[in-house]
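Work through the exercises below with the sequence and the model in view, and try each task before you read its solution.

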Amino acid sequence: MIHRLTPVALAATLVFPAHAQTDAPGTSLPTVVVTGNRSPYVLPATRSATRTDTPVEQVPQSIVVLPKSLIEDQGARTLTDVLRNASNVNDVDERDANNVPFKIRGFTAATVVDGVAMPGYFGTQESLVNVERIDIVKGPAGDLFGSSQGLGSYGSLGGTVAITTAEPDQTVRRRVQFRLGSQRERGVGFDVNQPLGADWAVRLVGEASERDSETDRVFFRRRALAPSLAWTPSADTKVVLKGRYLDNTTLDYSGLPVNGTLDTSTYTLSRRTMIAATDQPDTTNTSQGVHLHWMQRLTPAWTFDLTLAHQQAKVDQRGSWLVDPTGMMGCFGFGTATPATNILCGARMWDRFKTTSVSPSLTGHIEHDGVRHTLSAGLDLERTKDDAFMIYSNLMGPIAMDNVSLVGPTVYPVWSEPLEPATPDQQNRYTSRVLYLQDQVDIGDWHLLGSLRHSRIDVTDINPAWGVSNVSRNHRTTPRVGAVYDVTPQVSLFAGYSEGIKVPTVSVFSTPPKPEEGQQKELGLRLKDFNGVSATIAVFDLSRRNAAVGDPAQPGKSIQTGLQRSKGVDIDLRWRFARGWTGLAALTSQQARIVEDTNTALVDKWLFNVPQKSARLALRYDAPEGAWSGFGAGLGMTYRGRLAGDNANSFFTPAATVWDAQMSWRTEGARYGVGVGNLFDRQFYKPSAYFGGGQVTPAQRRTVTASAQFDF
């Protein structure tokens with residue numbers, strides 16, 4: 001890319017201009033192109049951090065941007081594959097994707113697509129086929145996207161995974177992608193963009209993929225379709241209408257007991273073991289919606305934005321698990337399976353969300369006496385209907401009467417379909433009204449940010465099956481403040497403070513719950529293309545109050561208690577250290593513990609499934625010219641420290657290091673690639689999130705995937 005002149009080049013243009021003018025007429029001088037050394041994985045600006053177009057280095061908070069080029073170079077298949085390139089974001093195994101959200105800095109993160117928070121609990125399963133970039137906002141950020149505070153999701157107290165998808169433009173594009181790999185992987189994707197005159201364009205992107213897994217019977221099937229239409233009658237007006245459809249289907253997997261896996265002193269359980277009823281039905285997770293974004297420049301200084309969205313999400317999950325019958329808690333005693341004597345429990349969880357959101361905003365740029373203000377104000381209005389039921393197939397049925405042994409010939413009972421209720425047991429309604437004001441001030445080398453969000457969140461939680469009838473009215477004003485100081489054009493320091501709230505809607509409470517509260521303090525250093533290095537180094541302290549935990553007196557219900565806290569250091573680096581060579585590093589060292597709890601036995605315990613140390617290193621070489629031009633190769637290493645397998649820290653899964661590698665060849669109109677995951681076939685276990693933990697999942701073994709992409 002074209003870059004500003006280096007001091008040497010600038011001096012040359014000042015010393016030699018007269019000499020150039022004295023050359024004979026008609027003399028042809030060679031063309032000189034000055035190129036920069038910035039990593040191709042660095043994007044200069046973000047909207048996800050402030051909802052305005054802001055250079056990353058001017059945001060007083062940790063932001064990591066993962067562009068499409070990184071997704072393509074590493075041959076990523078899932079969001080977890082991409083997010084491992086950002087520090088302090090946990091990975092989610094595909095077999096666990098129906099049980100847990102992403103975590104950032106130890107706490108749950110919201111998934112936001114094109115500025116709209118996704119309803120439902122399982123935002124880890126978004127398709128990558130239509131993704132242009134992913135911004136990781138670390139920390140609550142004053143609940144930047146207000147609807148994630150109230151709708152049926154886990155919330156954004158840990159941060160936000162903000163996905164930006166492709167939209168139509170004036171470039172004719174025809175692309176088709178194919179993928180084949182181990183574990184019977186096969187997939188096809190396409191991207192068709194067509195201008196319709198000077199003002200209109202249409203685009204259609206989609207994929208269909210399937211893959212088995214190491215675990216017997218468990219598979220993954222995805223179908224995604226994303227049509228969009230853009231109208232740009234002038235430079236001042238742009239309207240984009242996007243649709244989305246996503247269907248993820250699998251066989252529910254409850255993990256494996258610690259005995260026989262981590263502990264093999266009495267027996268060894270095959271990693272392929274699938275604990276499930278015979279003929280257990282598939283689990284489906286579907287979402288669909290429509291999204292309208294209208295941008296209107298009112299004056300050279302002021303711009304109006306309007307986002308209208310309607311989203312639906314539905315999960316139909318059928319699962320089964322083993323329980324030690326001697327335990328006195330029936331099927332709530334998950335994780336207590338024994339080698340020889342167990343009962344098989346089963347349940348169907350059905351949940352449907354319908355969310356409508358309206359977000360108008362106004363942004364203005366005002367400059368006076370050398371002080372520049374970027375002012376923004378807006379509303380986030382959202383209403384969600386959340387209907388659900390949880391029914392057990394076997395508490396009194398034939399499955400509960402069967403004895404299952406894991407050390408002898410194992411015979412699982414057949415699935416017993418429970419009787420579906422005439423109307424959903426749970427009928428929740430969430431209404432969120434948020435007003436926000438924000439001012440970004442640039443004064444010389446200083447960049448200041450201040451914002452306030454006032455949120456009113458009303459929750460009606462009706463669940464007769466559990467004897468629950470709660471109505472709560474919640475309101476909070478959450479601030480966000482910070483400052484960035486430019487030491488030099490390439491080095492800056494930042495400090496930030498932010499708060500956020502989330503009304504818990506996932507759990508069952510006997511009384512109306514209080515909002516969960518998040519608070520983050522952060523200090524950091526940024527490098528912007530400093531000798532080819534772009535980096536963020538941040539020290540953070542993030543806490544969460546009023547967390548929902550299981551009620552020991554009422555199994556299946558929750559109470560709110562205590563304080564949880566994570567604090568440490570995150571480092572994210574991108575660099576280009578030689579021509580054709582690109583590097584990436586993401587490092588974390590933190591303490592993530594329970595600080596206060598009514599259950600004193602949990603105080604000072606490590607947060608479930610959160611590592612103390614983690615690291616990601618990746619190198620990439622792309623031949624810049626010559627006979628090898630178009631060839632690229634990459635090598636990566638991902639390290640995770642040991643992980644707590646449950647809230648009580650009754651066991652830890654060991655630390656592990658996994659390598660990956662890629663090769664690609666790009667020619668005119670085509671790109672071919674081969675990727676290898678878990679290059680050295682490292683076999684280990686990590687915690688399962690089924691029913692909140694207590695078992696383990698075998699980590700993905702070596703996989704090989706070949707891909708081909710054609711543009712025409």
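**Exercise 1. Locate Asp 369, then decide whether it is buried or exposed.**

Step 1. Asp 369 sits in the loop between E16 and strand E17 (371-392), where strands are DSSP runs of E of at least two residues and are numbered from the N terminus. Before going on, note that this is a predicted model, in which local features need pLDDT of at least 70 and side-chain atom pairs count only at pLDDT 80 or more, while totals for chains, interfaces and linings use all residues. Residues are numbered from 1 along each chain as its sequence is written, and side-chain values use heavy atoms, with hydrogens and water left out.

Step 2. The relative accessible area of Asp 369 is 68%, so Asp 369 is exposed (buried means under 20%, exposed over 50%, and partly exposed in between, with a 1.4 Å probe and protein chains only).

Step 3. Asp 369 is not a glycine, and yet its phi is positive, at about 50°.

**Exercise 2. Describe how strand E21 pairs with strand E20 and with strand E22.**

Step 1. E20 (residues 468-488) and E21 (residues 491-502) pair in the antiparallel sense over eight bridges, where pairing requires that DSSP finds at least two bridges between two strands. Tyr 497 in E21 is the bridge partner of Val 481, and a hairpin joins E20 to E21 through two residues.

Step 2. E21 and E22 (residues 516-530) run antiparallel and are joined by 12 bridges; in E22, Gln 519 is the bridge partner of Glu 499.

**Exercise 3. Find the strand that holds Arg 544, and say which side chain makes a polar contact with the side chain of Arg 544.**

Step 1. Arg 544 belongs to strand E23 (residues 533-550), and Arg 544 counts as buried because its relative accessible area is 16%.

Step 2. The side chain of Arg 544 makes a polar contact with that of Glu 516, at 3.1 Å (a polar contact is a pair of N or O atoms within 3.5 Å; within protein, one must be able to donate a hydrogen and the other to accept it, and residues adjacent in sequence count only if both atoms are side-chain atoms).

Step 3. Leaving aside neighbours within four places in sequence, the residues in contact with Arg 544 include Phe 107, Leu 157 and Gly 562, where contact means heavy atoms within 4.5 Å.

Note on methods
Helix = DSSP H or I, 4+ residues; strand = E, 2+ residues; numbered from the N terminus.
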